[in-house]
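Q: Hi! Could you walk me through this one while I have it open on my screen?

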Protein chains: 2
Amino acid sequence: MTYEQLIGRHKSEIDTPALLLDMDVAEANIRRMAEFFRGRECKLRPHAKTHKLPRIARRQLEAGAVGITCAKLGEARVFQEAGIGSILIANEIVGVTKIRALVRLMCEGDVTVCVESLENAADLSAAAAEGGVVAPILVEVNVGLNRCGVPPGKPALELVRGISRLPNLRFCGLMGYEGGLFLKNLEEKARRCREANRLLVDTRRLIEGDGFEVQIASAGGSNTFALTGTYPGITDVQVGSYVSMDDHNREYGLDYGQAVTVVATVISRPEPGRAVTDAGMKSLSTDAGLPVCVEPGLTVSALNEEHGHLRVHGREIRAGDKIEIIPRHGCTTIPLFDRYFILRRDHVESVAEIRARGASQ
Amino acid sequence: MTYEQLIGRHKSEIDTPALLLDMDVAEANIRRMAEFFRGRECKLRPHAKTHKLPRIARRQLEAGAVGITCAKLGEARVFQEAGIGSILIANEIVGVTKIRALVRLMCEGDVTVCVESLENAADLSAAAAEGGVVAPILVEVNVGLNRCGVPPGKPALELVRGISRLPNLRFCGLMGYEGGLFLKNLEEKARRCREANRLLVDTRRLIEGDGFEVQIASAGGSNTFALTGTYPGITDVQVGSYVSMDDHNREYGLDYGQAVTVVATVISRPEPGRAVTDAGMKSLSTDAGLPVCVEPGLTVSALNEEHGHLRVHGREIRAGDKIEIIPRHGCTTIPLFDRYFILRRDHVESVAEIRARGASQ
């Protein structure tokens with residue numbers, strides 16, 4: 001059966017392993033998050049690295065998002081080609097080849113990028129001048145994650161001053177990322193999140209005090225949106241996983257609907273209590289742990305490359321049965337697939353190619 | 001620069017992250033493994049799940065392999081379409097949709113599949129009759145890995161007897177997989193490997209004693225080829241990782257040349273001793289641990305989705321520098337990419353699409 005022929009059919013007819021997206025659940029998640037931010041100072045700039053699908057980005061923008069966020073230049077290109085208007089690349093773009101490609105995207109539309117060093121800013125300035133554009137930039141501030149970013153406070157101010165002397169750059173504000181604060185102790189999480197937010201907003205005030213306008217102070221993720229999104233001075237949060245959801249975010253307290261699952265077929269029932277499926281590590285990522293089954297009585301006990309091991313507790317299951325599995329980490333599971341099967345009420349509404357999969361350049 | 005324009009250029013001009021394949025090293029690995037098996041009873045049936053590239057499969061066949069192995073139907077389709085003649089799908093194919101697709105491949109060429117149950121064999125028999133082909137099958141025997149497979153000995157014999165009564169099936173032999181024996185204690189590894197081999201070969205003899213011809217007793221992987229490939233009665237080994245190699249196989253004693261690397265760019269140098277690259281978990285798998293840098297003085301300390309964290313020991317490194325990284329697990333890293341940049345003496349010979357990536361159905 002072709003993908004075209006699958007449209008309108010029940011999801012049980014989809015060959016496995018396959019990536020399912022329940023669009024009703026995804027849209028409900030989009031509405032719910034938008035509702036949380038209605039009337040607030042802070043807006044949404046959803047991160048597209050998780051869902052990787054322009055159709056979802058459009059829904060997010062229709063629901064009031066101020067733009068979308070991408071992790072990489074290649075991802076931004078896919079979303080721009082799909083007609084998405086405002087894109088923040090939440091990353092440094094380094095090297096002549098990539099900077100020139102970035103400037104080409106900036107010629108085509110509203111693309112903002114992060115910088116953390118004057119050298120990189122100078123390279124970007126030169127390329128922007130060559131391309132005849134003014135490059136919008138955010139200064140990435142290290143708010144404690146110790147990944148990229150200039151230290152908060154004076155070093156950030158010094159960088160902004162340096163940038164202001166370079167032609168063809170427009171300083172738009174700051175970015176700090178604290179979304180990686182996956183902590184079970186909610187008090188500690190709130191304390192550390194507030195500390196990260198404070199570093200970013202204090203840096204914002206310092207820079208504003210020096211006479212610069214700071215339009216954007218972007219931060220956060222699905223894991224911290226309720227904290228970061230209500231911290232005065234943060235202008236937008238980069239929520240990603242909330243649309244599709246995964247077991248890892250659920251474990252850490254995010255109670256949004258599970259929109260994405262992987263459907264697998266039981267290929268072997270070698271002994272009581274044990275079954276094997278056709279969905280292994282090439283269909284379900286394991287970087288945050290093992291995925292979980294939707295139905296009760298089934299536990300994923302291990303994954304090989306193309307085999308999934310299930311423990312079966314007090315229920316029947318046979319070779320040929322299809323089961324749905326919730327990814328442990330959606331961001332790394334979704335790009336293992338070439339396409340989503342988009343469902344409404346368990347029937348295939350459409351099949352969407354994930355053009356941004358593998359777009360890590 | 002287009003991929004076409006890159007041909008003939010030095011690898012330093014390749015945008016990052018990218019998957020590099022040093023074809024001289026890969027060919028040397030293919031020759032070395034073929035040399036080991038020259039004149040032996042046991043032959044090579046290399047597993048294509050690792051490299052996923054028909055061009056390499058052709059080199060392996062030219063070097064004397066009796067056929068190739070695939071993990072999934074979708075993978076087999078890609079290799080058959082690329083003209084590869086003899087393909088073993090080392091897996092059970094379950095469900096009407098997949099079995100019909102399998103029979104279509106069998107109509108086109110020499111494709112063998114594994115079975116472990118009479119019910120699955122009956123489904124295959126019916127589909128083969130409908131398609132007007134005789135389906136070549138191996139019986140998968142559980143030799144201790146406890147994944148798929150019928151128990152060794154009498155249960156396997158009973159299954160062969162049952163299969164022999166079904167039309168349109170040709171029983172060709174047995175498969176047992178013990179390649180997952182990654183053990184540092186070489187005596188224990190040899191003992192457990194010999195035990196797995198013995199279970200398979202004893203089952204072979206039992207079935208032959210019942211009057212059935214057993215042409216194939218296929219087993220092994222790169223990790224056990226020297227043991228399994230010299231065990232009397234094993235007919236071929238399914239070596240995969242030896243061509244491309246990875247750090248995990250090297251750690252467990254396989255000293256073949258490193259043909260595959262991921263090239264990354266340093267995007268941030270936030271403080272002494274620390275650097276950040278553009279190659280994270282979406283470019284380097286972590287299921288077997290962290291990857292390692294080719295050059296001394298650099299250690300991958302963590303991977304985020306699109307960032308790699310490096311520790312820098314007593315050497316210079318700057319933002320913009322390119323570094324090469326050895327995957328920890330080639331089988332799960334290679335399919336994160338859409339293409340190989342194939343090198344000869346550090347220059348791009350060609351760019352090869354990895355059409356079998358994501359082919360997990």
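**Helices, sheet and interface**

A: Let's start with two helices: Met23(B), Glu27(B) and Ile30(B) in α2(B) touch Arg55(B), Ile56(B), Arg59(B) and Gln60(B) in α3(B). Bear in mind that this is a predicted model.

Q: What classes of residue make up that contact of α2(B) with α3(B)?
A: Three are nonpolar, one is polar and three are charged.

Q: And at what angle do helix α2 and helix α3 of chain B pack?
A: About 35°, with the axes of α2 (residues 23-37) and α3 (residues 54-62) 10 Å apart.

Q: Is the crossing of α2(B) and α3(B) left-handed or right-handed?
A: That crossing is right-handed.

Q: OK, on to the sheet. How many strands form it in chain B, and in what order?
A: There are eight, in an open sheet with the order β2-β9-β8-β7-β6-β5-β4-β3, and the pairing is parallel.

Q: Which strands stand at the edges?
A: In chain B those are β2 (43-44) and β3 (68-70). Each has a single partner strand, so one of its sides has no neighbour in the sheet.

Q: Let me zoom in on β8 and β9 of chain B. How many bridges join them?
A: Two bridges link β8 (residues 216-219) to β9 (residues 236-237), and the strands run parallel.

Q: Which strands does helix α5 of chain B lie across?
A: Helix α5 (residues 96-108) lies across β4 (86-92), β5 (110-115) and β6 (135-140) of chain B. Relative to β5(B), the helix runs at about 145°.

Q: Switching topic: what rotation superposes chain B on chain A?
A: A rotation of 180° does it, with 0.0 Å of shift along the axis and an RMSD of 0.0 Å. The two copies are therefore related as by a two-fold rotation axis.

Q: Which C-alpha in chain B is nearest the axis?
A: That of Asp287(B), at 3.2 Å from the axis. Both copies use the same surface, too: 100% of the contact residues of chain B recur in chain A.

Q: How many residues does the contact take from each chain?
A: It takes 52 residues from chain B and 53 residues from chain A.

Q: And how much area do chain B and chain A bury between them?
A: About 4,200 Å², with 45% of it on carbon and sulfur atoms.

Q: Which three residues supply more of the area that chain B buries than any other three?
A: Arg147(B), Lys282(B) and Gln361(B), which supply 15% of what chain B buries against chain A.

Methods
Residues numbered from 1 in each chain as written. Chains lettered and ligands numbered in written order. Predicted model: local features only at pLDDT ≥ 70, side-chain atom pairs only at ≥ 80, totals over all residues. Heavy atoms only, no water. Least-squares fit on C-alpha atoms with pLDDT ≥ 70 in both. Contact = heavy atoms within 4.5 Å. Axes fitted to C-alpha atoms, helices over the stretch in contact; angles between N-to-C directions. Helix = DSSP H or I, 4+ residues; strand = E, 2+ residues; numbered from the N terminus. Left-handed = near helix turned anticlockwise from the far one by under 90°. Nonpolar A, V, L, I, M, F, W, Y, C, P; charged D, E, K, R; others polar. Pairing = 2+ DSSP bridges. Buried area = accessible area lost by both parts, 1.4 Å probe.
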